[in-house]
Number of protein chains: 2
Amino acid sequence: MVEQLRRDFAPPQVDVEEAGRIMETFSRGHSSEGRRVVLITSGGTKVPLESRTVRFLDNFSSGRRGAASAEYFLRADYAVIFLHRHRSLFPYSRRYSNQNWLDSLRLLPVPAGEEPRVEAEPNCLPGIVPVLEEYERMKGARRMLSLEYHTLSDYLHLLLAAARALSPLGSNAMFYLAAAVSDFYIPASEMPEHKIQSSSGPLQITMKMVPKMLSPLVKDWAPKAFVISFKLETDPEILIERARKALETYRHQVVVANVLDTRRSYVMVVTNTEDTKLFVSDKEESLGIEIEDKIINDLTSRHTNFIKQTSTYSQSNQGL
Amino acid sequence: MVEQLRRDFAPPQVDVEEAGRIMETFSRGHSSEGRRVVLITSGGTKVPLESRTVRFLDNFSSGRRGAASAEYFLRADYAVIFLHRHRSLFPYSRRYSNQNWLDSLRLLPVPAGEEPRVEAEPNCLPGIVPVLEEYERMKGARRMLSLEYHTLSDYLHLLLAAARALSPLGSNAMFYLAAAVSDFYIPASEMPEHKIQSSSGPLQITMKMVPKMLSPLVKDWAPKAFVISFKLETDPEILIERARKALETYRHQVVVANVLDTRRSYVMVVTNTEDTKLFVSDKEESLGIEIEDKIINDLTSRHTNFIKQTSTYSQSNQGL
């Protein structure tokens with residue numbers, strides 16, 4: 001797997017070793033204070049079609065799910081590693097992603113010679129006071145580490161580095177793999193160097209399957225961690241079956257399954273033993289309640305149980 | 001062409017008729033005040049691979065070129081229609097796109113019971129005072145109309161609507177086609193409805209050539225307008241040849257040719273009769289001078305000459 005990463009993918013555009021060291025220090029610090037650590041992956045992945053990339057294959061994802069989830073994990077006192085696609089949505093600021101924030105600023109009149117002052121108009125930024133308070137508290141507590149990726153190659157390399165950094169935490173580590181990772185890619189050796197010329201006629205692309213990182217992650221890289229993957233489908237008919245198949249194949253703990261059209265109000269939390277439906281009613285939505293609040297509430301309880309079980313298991317094993 | 005748009009592409013996600021009416025009113029108003037109008041297209045295009053889209057083909061483009069250019073056209077007293085990809089960079093705010101703007105805000109202490117106040121820290125937003133002044137002046141003058149597109153289909157439909165709206169302005173209209181438009185697409189009839197399953201093995205994609213809008217735009221839709229297209233290559237060897245070929249094929253006025261790696265400091269302005277090299281030196285860059293300033297300066301002069309020539313030409317024609 002590691003060999004395939006090196007052979008088939010362009011070198012990452014980020015300093016993965018440095019990122020690994022930073023994640024390790026961050027996780028060790030929080031873990032020593034008794035805090036659990038979650039790695040959140042968020043946003044789509046860019047799959048280049050040319051080595052000097054003009055064109056790429058992408059996955060629909062604004063990063064909204066991951067950014068919102070980070071906020072609820074922070075509220076649940078987790079330390080969060082937020083591994084997200086460059087320019088995807090970010091915790092807290094995501095709430096204002098549909099507006100031009102310059103529209104909320106205005107220059108204050110000041111006497112000549114004084115420093116200029118700029119004020120934000122709270123009416124243009126709904127809920128900004130509690131959001132800013134929470135954001136500043138979170139920054140002060142240094143409980144979130146934010147890392148960016150651009151391409152699929154960056155993502156795969158950083159996920160491996162994260163797994164290695166979190167592995168020492170055992171069952172106190174959670175992997176919340178919400179990024180929309182491409183299933184397909186073009187191996188570096190088969191990629192044209194320059195921009196594909198449109199004058200050459202219609203485009204034929206053949207893409208290989210991306211190696212499933214979940215397999216070695218669960219088996220080898222962080223075998224004691226609590227691992228959640230996501231399954232997005234457009235066809236509700238096949239959703240649960242696909243989620244169950246993923247659990248059988250990768251042997252991790254939870255699949256959060258959702259359908260494209262209803263993903264903001266409805267998900268299924270699928271485990272080996274049960275399916276739990278979570279949804280946000282229209283009334284709850286009007287009160288500002290988000291589905292991620294319920295997802296994180298559900299998963300953190302499951303994580304608590306998972307930690308208890310594994311510690312009971314290892315105690316009884318030691319007792320033998 | 002219009003027939004092909006209707007047949008081969010999914011219906012646009014935006015209200016194109018309404019957008020057309022708004023563009024027409026905007027252009028007529030400014031034109032009646034003697035102002036020239038430029039349509040700027042900006043950002044990449046999303047080409048869906050499935051009708052309920054999870055995956056799409058995209059083009060490298062942050063929209064920086066188009067957003068910066070809009071500012072310089074506004075300074076040159078043009079009215080600007082800014083047709084840009086959803087979430088691509090926007091004039092003025094583009095200058096702060098690499099930072100989280102929440103980091104620049106802080107809550108001011110106010111006596112209990114008073115309205116909360118939020119101040120922006122000018123030190124965190126370099127140059128914010130002149131930028132805000134210019135932004136507010138521009139908004140007050142209502143000289144920019146901003147329209148968004150998501151998919152390639154949106155883009156093509158909106159470009160047609162824009163051409164029709166600007167056509168009555170004759171040579172006073174400029175088309176500045178900086179968007180990175182896909183050369184390839186999958187016709188709606190050949191597209192799978194649901195998410196392509198990765199379990200079906202490697203992915204084979206065959207994409208058709210996107211119809212070249214430039215041809216009917218120049219010939220039929222806005223035949224008197226001043227039209228600029230862009231040519232981005234990764235291989236400098238073929239750049240000028242490709243630019244010249246485009247001019248011969250579409251018979252428009254200017255190609256701005258640039259190479260991926262050097263696009264921020266160097267472009268060639270290619271016309272039927274000459275190539276003009278524009279570049280920003282290291283010293284100019286350190287002074288904050290941008291290549292778009294030079295491009296717009298060059299093109300607005302050419303536009304002036306173009307208007308003079310066409311009016312001389314039609315006068316002498318009338319004299320016959």
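How much helix and strand does the chain have over residues 36-82 of chain A, and how far apart are the end C-alpha atoms? The chain there is 26% helix and 36% strand, with 14 Å between the end C-alpha atoms. This is a predicted model, in which local features need pLDDT of at least 70, side-chain atom pairs count only at pLDDT 80 or more, and totals for chains, interfaces and linings use all residues. Residues are numbered from 1 along each chain as its sequence is written, chains are lettered from A and ligands numbered from 1 in the order in which they are written, and side-chain values use heavy atoms, leaving out hydrogens and water.

**View 1. The annotated domain of chain A.** UniProt, in an unreviewed entry, places "domain: DNA/pantothenate metabolism flavoprotein C-terminal" at residues 36-82 and 170-283 of chain A. UniProt positions follow the numbering used here, feature names are shortened, and annotations may be inferred rather than shown by experiment. Over residues 170-283 the chain is 19% helix and 33% strand. The end C-alpha atoms of that segment are 40 Å apart. Helices (H or I, at least four residues) and strands (E, at least two) are DSSP runs, numbered from the N terminus.

**View 2. The two copies.** Chain B superposes on chain A by a rotation of 180° with 0.0 Å of shift along its axis, at RMSD 0.0 Å. The two copies are thus related as by a two-fold rotation axis. The same surface serves both copies, with 98% of the contact residues of chain B recurring in chain A. The superposition is by least squares on the C-alpha atoms of residues with pLDDT of at least 70 in both copies. Contact means heavy atoms within 4.5 Å.

View 3. A:Glu290 sits in the loop between helix H8 (282-286) and helix H9 (291-319) of chain A. Its relative accessible area is 14%, so A:Glu290 is buried. Buried means under 20% relative accessible area, exposed over 50%, and partly exposed in between (1.4 Å probe, protein chains only).

View 4. Because 11 of the 12 residues of H3(B) are buried, the helix is largely enclosed by the rest of the structure. Among the buried residues are B:Arg64, B:Arg65, B:Glu71 and B:Tyr72. B:Asp77 has a positive phi of about 65° although it is not a glycine. Most residues other than glycine have a negative phi. B:Asp77 is partly exposed, at 39% relative accessibility.

**View 5. B:Arg87.** B:Arg87 lies in the loop between S4 and strand S5 (105-108) of chain B. Its phi is also positive, near 65°. B:Arg87 is partly exposed, with a relative accessible area of 41%.

**View 6. Nonpolar cores.** The largest nonpolar core has 118 residues. A:Phe175, A:Met207, B:Phe175 and B:Met207 have the most contacts inside that core. Apart from it lies another core of 87 residues, among them A:Tyr72 and B:Phe226. A nonpolar core is a set of buried Ala, Val, Leu, Ile, Met, Phe, Trp, Tyr and Cys residues joined through side-chain atoms within 4.5 Å.

**View 7. B:Val227.** B:Val227 lies in strand S11 (residues 226-233) of chain B. B:Val227 is buried, with a relative accessible area of 1%. Leaving aside neighbours within four places in sequence, its contacts include B:Phe175, B:Leu177 and B:His252.
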